[in-house]
Amino acid sequence: MAVHTLDQDEARRIAVRAQLLDAQRPPDLLTVANRLTFLQLDPTAAVAPSADLVAWTRLGGGYDPAQLQQALDRDRTLFEYRATARPTADLHLYVADMQRAPRYQQTREWLQANESFRDDVLARLRDSGPLLSRDIPDTSAVPWPSTGWSNDRNVTQMLEILGGRGVVAVAGRQGRQRVWDLAERVYPADVVATPLDEALKERDRRRLKALGIARAATTAQSVEPADVGEAGEPAVVDGVKGEWRVDPEALDAPFTGRTALLSPFDRLVHDRNRAQDLFDFEYYLEMYKPRDKRRWGYFALPVLHHDRLVGKLDATADRKKRTLTVHAVHQDVRFTRAMTHDVDGEIEALATWLDLSLSRSGR
């Protein structure tokens with residue numbers, strides 16, 4: 001198979017188009033979810049929850065977060081799985097993975113030691129579900145050991161494990177709290193599992209379509225891998241070391257760019273090595289750093305301008321004061337007058353979408 005040779009401009013445009021961040025906006029939320037394959041459900045909402053930011057960046061001001069909840073809770077066109085919202089049409093690609101869970105020995109041993117607890121949880125859901133985790137008694141024989149937040153949170157941990165196995169599922173939410181039920185009452189009854197090897201290859205293929213261009217193998221990522229195995233076709237990018245895989249359908253497509261403010265979890269930037277290689281863009285999420293160690297801000301939003309990542313927006317939404325405060329716009333490259341105009345326009349659009357007044361702190 002011939003190896004495609006791309007210049008960096010073309011590689012970046014392939015990546016931007018694949019993520020639905022060019023000027024041709026998608027028509028609705030399900031189209032976005034189908035193309036991206038998932039929306040990450042992260043509770044951090046310094047500006048807005050990541051899944052909503054990702055959807056707004058693609059769909060614009062017509063997107064309402066209620067659309068995501070409706071798709072998950074009522075229409076069931078999306079399902080919640082391992083902190084992501086995924087198209088229900090893709091559920092068949094995950095069933096085989098569910099059937100081999102849990103993978104870690106500690107988790108398997110804990111589950112085995114708590115068989116009666118598992119049965120109690122399932123019986124409670126069968127008789128009274130859907131339920132919040134706090135409504136399910138803790139009858140564990142062995143507590144969940146952890147040095148982190150999950151230590152001794154036995155009901156939550158059991159639900160997470162059973163959710164990973166596809167035995168229970170998130171049926172909806174009350175605020176940020178998940179409501180759980182038996183999976184058979186949440187998932188469609190007619191789902192036929194795709195064999196694991198075939199499913200993994202298809203997930204690689206769909207991931208490459210969502211990314212446009214990616215490494216065959218790269219550093220492990222949280223939530224979702226960033227590599228694509230043998231999907232697509234081989235490519236090299238001028239000035240960038242190593243081989244890539246490219247979606248052949250993305251080659252030679254026209255490109256018209258726009259300006260966008262991205263979630264820190266946006267897949268255009270989530271693989272930091274890829275962002276550095278293709279966009280020469282350095283970025284780290286600094287919410288876990290002490291304030292005096294932050295360069296860009298607690299939840300800085302990467303700024304996309306056409307096919308370049310050009311800066312970071314440090315902003316905070318205060319819903320009690322009903323303000324979106326801009327602390328700084330960090331310019332990785334010197335903004336032209338047109339770029340400043342476009343970035344300011346996106347910041348105003350963000351404030352309008354959030355229904356907040358725009359203010360600048362001057363810091």
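This is a predicted model: local features need pLDDT of at least 70, side-chain atom pairs count only at pLDDT 80 or more; totals for chains, interfaces and linings use all residues.
Residues are numbered from 1 along each chain as its sequence is written. Local features need pLDDT of at least 70 and side-chain atom pairs pLDDT 80 or more, totals for chains, interfaces and linings use all residues, and side-chain values use heavy atoms, without hydrogens and water.

The two strands belong to an open sheet of 3 strands with the order 2-4-3 and antiparallel pairing. Strand 2 (39-40) and strand 3 (78-81) form its edges, each pairing on one side only. Within the sheet, phenylalanine 79 stands opposite arginine 86 of strand 4.

Arginine 58 is located in helix 3 (residues 50-59). With a relative accessibility of 0%, arginine 58 counts as buried (under 20% relative accessible area, with exposed over 50% and partly exposed in between; 1.4 Å probe, protein chains only). Its side chain makes a polar contact with that of aspartate 266 at 2.4 Å (a pair of N or O atoms within 3.5 Å, where one must be able to donate a hydrogen and the other to accept it; residues adjacent in sequence count only if both atoms are side-chain atoms). Beyond neighbours within four places in sequence, the contacts of arginine 58 (heavy atoms within 4.5 Å) include Gln19, Arg25, Leu36 and Arg258.

Notes:
Helices (H or I, at least four residues) and strands (E, at least two) are DSSP runs, numbered from the N terminus. Two strands pair if DSSP finds at least two bridges between them.
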